[in-house]
Every structure is written in structure tokens, then in C-alpha cells.
Amino acid sequence: MSYFRYNIECMSGYTPGFQPKQTDIVKLNTNENPYPPSPKVLAVVADTSAEALRRYPEPLGESFAKTAAGVLGVKSEQILPTNGGDDLLNICVRAFCDASRPVAFAEPTYSLYPVLAAIQDCPVIAVDRSQPDALDKLAKAQAALTIVCNPNAPTCELTPIDAVAALAKRLAGKGVVLIDEAYVDYAEDNALRLIERFDNVIVLRSMSKGYSLAGMRFGFGVAQPSLIDGLVKVRDSYPVDVVALRAATAAIADQVYFRANIEKIKSERIRLTTALRTLGLNVPATQTNFLLAQCKTKPAEAVFKALSEAGIFVRYFKLPQLEDKLRITVGTPEQNDRLLEAMKTILTAG
Ligand SMILES: *Cc1c(COP(=O)(O)O)cnc(C)c1O
């Protein structure tokens, strides 16, 4: 006999990227930002008073919502702060899906989506994103919740926002479209302008990648208040703590620091892409802070292991369409140099 619900007993949990303890390593496996958060973030964290810690935080994270709304050009009542972007994904699956209300997405994509569906015990409609009619299939599926990761992880490309809008239109009145924009800070477009047009669109943002706050756990959703109000019923009573609220507010307010960081990573991603192509890997253009590099001369898994032994950590997925590829986070110039040097040695060895 199991104490767990049958679906929990049967499922495997989410596998997070490896977090090594050693310090003299190059960590390019979980798409963290290689640069620290703004100094203003560290200042407000250090300044947090005992009184602020003693009291419960703002239930709706109003101070963050107000600042973020100003920066993003939306209304503060359209913003829902959450405990990381993953928390918003979890809330949405719980709010919209059940045994007769499926979640749909195009694979390969973020491996957390099917895990959340398994916990909720709702059906998954997974379409093949390498097919040109993937979005059409998602529209026809008419799922209660359709998740579009944009730019997509781990394949790096941005689906044109017009195509996402067309999907939202076809699903209007039938299902919600959750646009996972965890990597949008590195992309050339975003879907925020769809919020005014569609009452079935939620845009997910994360402070983990572009804003260097993965350890803080802060994300948010942007949607019309009719959706936000429903999601508030499902979430924790105080999902974001006072330190995270202060840090995220200072981070999003410091757009000058943020933009400079993003530009550094964008210029390194061009250099890294070119250098890996020169080493014989197939590297498509990317709209994120990582590359999906196809190994053509050696098995990707063998290259992954050899890199790990050299203290360089990247991500390998033994999954359809991914087993011949490595996902490599763009690091600092020094980290990228060490990766390239090790890659060269591994690829030229017997
Ligand atoms: C990182 C990530 C998120 C959110 O991460 P949080 O750290 O929980 O904010 C969501 N979707 C994708 C695809 C991601 O890579």
C-alpha cells in the first residue's frame, strides 16, 4: 500500500540541473546569469530591518507590481508576483487543469511542464514542435491551458508574436495561453502587447535569468485582472517574502545596470556561437542566454562527460531531438574561453 495518490506514486519528479559544490569549475548548465545582481539589490537586502522580517509581507507584492508596471508599461493590477516563475506555472496548472481539462505544449520544451501535469493528474497533449503545423495543432487541441515557451528552452528560437497572437485568438473563450517568457530579456521581441487584446493570455516573467536573482526565487505573471484575480485564489497566501520583494523591486528599477548586463551576454553569445561553429558543431542562432549545440563528430553524451571531468558543466538531455546536442549557458568571457579550450581538446583527441 502506498500513502501517496496513485499518480504521485507512479511519476518521476523534476530533475534540476546539477549544482556542484566545488568552486574552481565553470558552471554553464542552468542558465543562470554569470554577472551579479545590481549593487542596489545588495544594498536593499542588507538594509532589510528586523521589523520588516517580523511582519508578514505585502500579500500581493504591491510595491513590486507598481515599480514593474512603470518599467513594463502595463497596469499594476495586471501583475501577479510569484515565488519564481515556476510557482506561476504550478498555480496555472492547478487553476486551469484537471482530469478532463488537459494542458498542451510543443516538445521539446521545458521539462517541468509534464511534471506539473503529472502532479495535477491532468492529460498532456504534446505536439512535435519541429513540425511546421505545431501551432495549428495546439489551436485544434483546444486545451484548457496551452503553454508556449518563448523563446523556447532548450531550442533557443523565438516564435513570432503574431503567430502567438493568432493562437490566442483561436483559443479565446476556450482556453488560456500561458506564454513562458523566462528568457525574453535576451530576445528581440515579447508578448506584453497581447495582454490588452486578449483576456486568455498570461505572460510569465522570471527574475532568475536576466536579473541575476535565481537564488532569490522571484517571478511574476502579467494578465488582465480577470485572470489575475482567479489565480490569486489558488496561490499561497504569502508567496513572495519581504527580502525577495525588496530585491526584485530594486532589480527591475535599475534598468541601466540590467541593460548593460544583457548586452555583455548578447555579445558573448555571438562570439561563443561563432567559435563553436568553427570547432565543427552545428549551432543555430539563439534568442536566449544559452546555445543548443549539435555535436557532429562525437556523441554529445561523451562530450558532456569529458567536459564534466574537466570541471566544465553544461546540460545534456537524453531525450528525442536532444540526444545529439548540448545546452550551453553563455558565461563570462573567461568561462567561455575555458569551455572552448576544453571543447577543442576533447574534439581533437583520438
Ligand atoms: C528558468 C525558467 C523558468 C522560471 O524559473 P524561476 O527560477 O522559477 O523563475 C520558467 N520557464 C523556463 C523555461 C525557465 O527556463
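1. For the class counts below, Ala, Val, Leu, Ile, Met, Phe, Trp, Tyr, Cys and Pro are taken as nonpolar, Asp, Glu, Lys and Arg as charged, and the others, Gly among them, as polar. The structure is a predicted model.

2. On that scheme, the lining of the largest pocket comprises 14 nonpolar, 11 polar and seven charged residues. This pocket holds about 630 Å³ of space. Its lining counts 32 residues, and those closest to the centre are Tyr14, Thr30, Asp86, Tyr110 and Lys209.

3. Both α5 (85-96) and β7 contribute at least two residues to the lining of the largest pocket. The greatest contribution is that of α5, with three residues.

4. The second largest pocket has a volume of about 530 Å³. Among its 29 lining residues, Ser111, Arg315, Phe317, Lys318 and Leu319 lie nearest the centre. Two or more lining residues come from each of α6 (112-120) and α13 (300-309). By class, the lining of the second largest pocket has 16 nonpolar, nine polar and four charged residues.

5. Seven strands make up an open sheet of mixed pairing, ordered β2-β8-β7-β6-β5-β3-β4. From one strand to the next, the twist averages 25°.

6. Strands β2 and β8 (residues 219-222) run antiparallel and are joined by four bridges. Within β8, Gly219 is the bridge partner of Thr82. Helix α10 (residues 225-234) packs on the sheet, where it touches β2, β6 (176-180), β7 (201-206) and β8, and its direction makes about 25° with that of β2.

Conventions:
Residues are numbered from 1 along each chain as its sequence is written. This is a predicted model: local features need pLDDT of at least 70, side-chain atom pairs count only at pLDDT 80 or more; totals for chains, interfaces and linings use all residues. Side-chain values use heavy atoms; hydrogens and water are left out. Two strands pair if DSSP finds at least two bridges between them. Axes are lines fitted to C-alpha atoms, for helices over the stretch in contact, and angles run from 0 to 180 degrees between N-to-C directions. Contact means heavy atoms within 4.5 Å. On a 1 Å grid over the protein atoms alone, a cavity is a set of points where a 1.4 Å probe fits but cannot get out, and a pocket is an open set with protein on both sides within 12 Å along at least five of seven lines; lining residues have an atom within 4 Å of a point. Grid points are joined across faces, edges and corners, and a volume is the space filled by probe spheres set on the points.
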